[in-house]
Amino acid sequence: MIRLGLPPIISQFYFPQITPGLTDNKLLRRIEPYEEKGSAILLKMLKDGTLDMSLLSSTTPLTDKNLKAHIISKANFKIIVSPQHRLANRKSVTFNELVNENFINLNSSFIHAEVFKHFAHEAHFRPTIIFQTSDVPLLKSLVSQNTGIALLTDLALKNTDDLVALDIETNIPLNFIVSIAYRRSHILTPNQSKLISLLTDKK
């Protein structure tokens, strides 16, 4: 069995895309998933040997000297608003235009929290956060009801969502990077090597 870490957004919105390939290669049945924990927690579990490997999210390539990591996907961060919101007819927005908005945020177990701080710092204001959650579908539902707006990677967006996604105009664009990582000291099994090959071939 492959003890594989799966952070929430990757588990819900990326992993299902690759399951047909895993099934075809008889790998899905070999995966023992560790889900519903943020990348920071899964990274610790990977380092202490609880996990064999993990999918992890980050804004820059992982450079830990004790790990090997392969980037397998990149997505953008967006501002999501309700179709009824005043900005719904826009294609993009600067963060400082959002100074009077109410935000619904993902909590600190998501890299979104650090990205949000980055944009707020760049815009020189302290945003009004009215609600925080670890539940991505709940966040999207609240935004669709025009309760507030949110920062979210477009990896977590679907065509069926009742939402409008706006590009963020910024001097320092940040990506939602998905990597497969494992310890340098770990000797890969044939199935683990096959999983890495399958994921990196999809990049």
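I began just past helix α2. The residue I looked up there is Gly 49, which follows α2 and has a positive phi, near 90°.

**Entry 1: confidence**

I am working from a predicted model. I checked the confidence before going further. The chain averages a pLDDT of 94. I found that 99% of the residues score at least 70. Among the elements of the chain, α2 has the lowest mean pLDDT, at 91. The highest mean, 98, belongs to strand β8, residues 150-153.

Which residues of helix α2 are buried? Helix α2 runs over residues 39-47, and I listed Ser 39, Leu 42, Met 45 and Leu 46 as its buried residues. Those four cover an arc of only 120° around the axis, so they sit on the same side of α2. I noted the general rule beside this. An α-helix has 3.6 residues a turn, so residues three or four places apart point the same way.

Next I turned to the opposite face. Ala 40 and Lys 44 are the exposed residues on the face of α2 turned away from its buried side.

What covers the buried residues of α2? I found several strands in the cover, including β1 (2-6), β2 (31-35) and β3 (53-58). Strands β4 (67-81) and β10 (175-183) are also part of that cover.

**Entry 2: salt bridges**

I looked up how many salt bridges the structure holds, and there are seven.

I took Arg 3 and Asp 52 to start with. Their side chains meet in a salt bridge, at 2.8 Å from N to O. Arg 3 lies in strand β1 and Asp 52 in the loop between α2 and β3, so this pair ties together parts that are 49 residues apart in sequence. Arg 3 is partly exposed, with a relative accessible area of 27%. Asp 52 is buried, at 6%. The cut-off behind that call is 20%: a residue under it counts as buried.

I moved on to Asp 64 and Lys 47. Their side chains also meet in a salt bridge, at 2.6 Å from N to O. The pair links distant parts of the chain, 17 residues apart. Asp 64 is in the loop between β3 and β4, and Lys 47 is in helix α2. Asp 64 counts as partly exposed, at 26% relative accessibility. Lys 47 counts as partly exposed too, at 42%.

My last pair was Glu 97 and Arg 90. They form a salt bridge, with the closest N and O atoms 3.0 Å apart. Glu 97 is partly exposed at 30% relative accessibility. Arg 90 is partly exposed at 29%.

**Entry 3: a nonpolar patch**

Which residues make the nonpolar surface patch of about 230 Å²? I identified Ile 130, Phe 131 and Leu 138. I placed Leu 138 in helix α4, residues 136-144. Leu 138 is partly exposed, with a relative accessible area of 33%.

**Entry 4: Asn 89**

Is Asn 89 buried or exposed? At 67% relative accessibility, Asn 89 counts as exposed. I located Asn 89 in the loop between β4 and β5 (92-94). I also took one distance from Asn 89. Asn 89 and Ala 156 are 21 Å apart in space, C-alpha to C-alpha. In sequence, Asn 89 and Ala 156 are 67 residues apart.

Technical notes. Residues numbered from 1 in each chain as written. Predicted model: local features only at pLDDT ≥ 70, side-chain atom pairs only at ≥ 80, totals over all residues. Heavy atoms only, no water. Buried < 20%, exposed > 50% of the residue type's maximum accessible area, 1.4 Å probe, protein only. Helix = DSSP H or I, 4+ residues; strand = E, 2+ residues; numbered from the N terminus. Arc of directions from axis to C-beta. Contact = heavy atoms within 4.5 Å. pLDDT = per-residue confidence, 0-100. Salt bridge = Lys/Arg side-chain N within 4 Å of Asp/Glu carboxyl O. Patch = residues over 30% accessible without salt bridge, like charges linked within 9 Å, V, L, I, M, F, W, Y side chains within 5 Å. Areas by Shrake-Rupley, 256 points an atom, 1.4 Å probe, with all protein chains shown as cover.
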